[in-house]
Amino acid sequence: MFLTHLACSACDTEHDPAWLQNLCTKCQKPLLAKYDLKTISRKLTRQKLRARADSSLWRFRELLPLPQNVDPISLGEGGTPLLRADRFGDQLGLADLWIKDESVNPTQSFKARGMSVAVSMAKHLGATKLAVPSAGNAGSALAAYAARAGLEAHIFMPYDTPKLNVIECREFGARVQLIDGLITDCAAQIARRKTREEWFEMSTLKEPYRLEGKKTLGYELAEQLGWWLPDVILYPTGGGTGLI
Ligand SMILES: [Zn+2]
């Protein structure tokens, strides 16, 4: 495993990745995964990557936090097509426009990437009950990956969440609670009850590994474009992890 430690994004305090962690224990800010990139750069070459049969995001295994000898909780996320959009590009006056079709992920959004990695790590580190506030796709993704992992999912959604997402979560076996309020009210419910209920909180940036799954979108862009990056990337930020 090339994950070396978790570092606080604000105060740099190091945390041991061998334990379930949410926020920095000193200042309550998000934790970021740090890797031994020097060693990875020697071991993982472009040629090696090209030869891998696995097209899911787990093909970037060295750059992900799960130990190499642990099976990931995967539904085939990532490896989405990069489509050239000539006519749409013409309409917008763009000569070289591409669309990364994230809708073909297992739960129809890029949220599947983050949840695959985060649920894999949560299970590996001993969590049994996962909780998240969601107004849609993140809830669906958690429900699917928790079901795949055999873990409980507790999802708090505002009343006006699209019905489809609510049904999807319940069909995956998640316990869904609809809250008369905003997503922040849903998060407050989880914060209030998580210790008593023994829930591990999976909110955006309140655990370190959803971000690690989402970053693979960037790796795929580079690989699919022959290790060249676009001048401009428009990216769904969701709760903010996409920007990071
Ligand atoms: Zn800190």
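User: Where does I244 sit?
Analyst: I244 lies in the segment after α9 (216-224), with helices (H or I, at least four residues) and strands (E, at least two) taken as DSSP runs numbered from the N terminus. This is a predicted model, where local features need pLDDT of at least 70, side-chain atom pairs count only at pLDDT 80 or more, and totals for chains, interfaces and linings use all residues. Residues are numbered from 1 along each chain as its sequence is written, and side-chain values use heavy atoms, with hydrogens and water left out.

User: OK, is I244 buried or exposed?
Analyst: I244 counts as exposed, because its relative accessibility is 60%. Buried means under 20% relative accessible area, exposed over 50%, and partly exposed in between (1.4 Å probe, protein chains only).

User: And which residues does I244 touch?
Analyst: Leaving out residues up to four places away in sequence, I244 touches L205 and L211; contact means heavy atoms within 4.5 Å. I244 and L211 are 33 residues apart in sequence, with 7.8 Å from C-alpha to C-alpha.

User: Switching to salt bridges. How many does the structure hold?
Analyst: There are 13 salt bridges, each a side-chain nitrogen of Lys or Arg within 4 Å of a carboxyl oxygen of Asp or Glu. One of them pairs K100 with E220 at 2.7 Å, N to O. K100 lies in strand β5 (residues 98-100) and E220 in helix α9, so this pair ties together parts 120 residues apart in sequence. Both K100 and E220 are buried.

User: What does E102 pair with?
Analyst: E102 forms a salt bridge with R113, the closest N and O atoms being 2.6 Å apart. E102 is in the loop between β5 and α4 (111-124) and R113 is in helix α4, so the pair ties together parts 11 residues apart in sequence. Both E102 and R113 are buried too.

User: What about R193 and E197, where are they?
Analyst: Both lie in helix α7, four residues apart, about one turn of the helix. R193 is buried, at 18% relative accessible area, while E197 is partly exposed, at 25%. Separately, salt bridges that share partners join K100, E102, R113 and E220 into one network.

User: Backbone now. Which loop holds D12?
Analyst: D12 is in the loop between β1 (3-8) and β2 (14-15). Its phi is positive, about 70°, although D12 is not a glycine. D12 counts as exposed because its relative accessibility is 58%.
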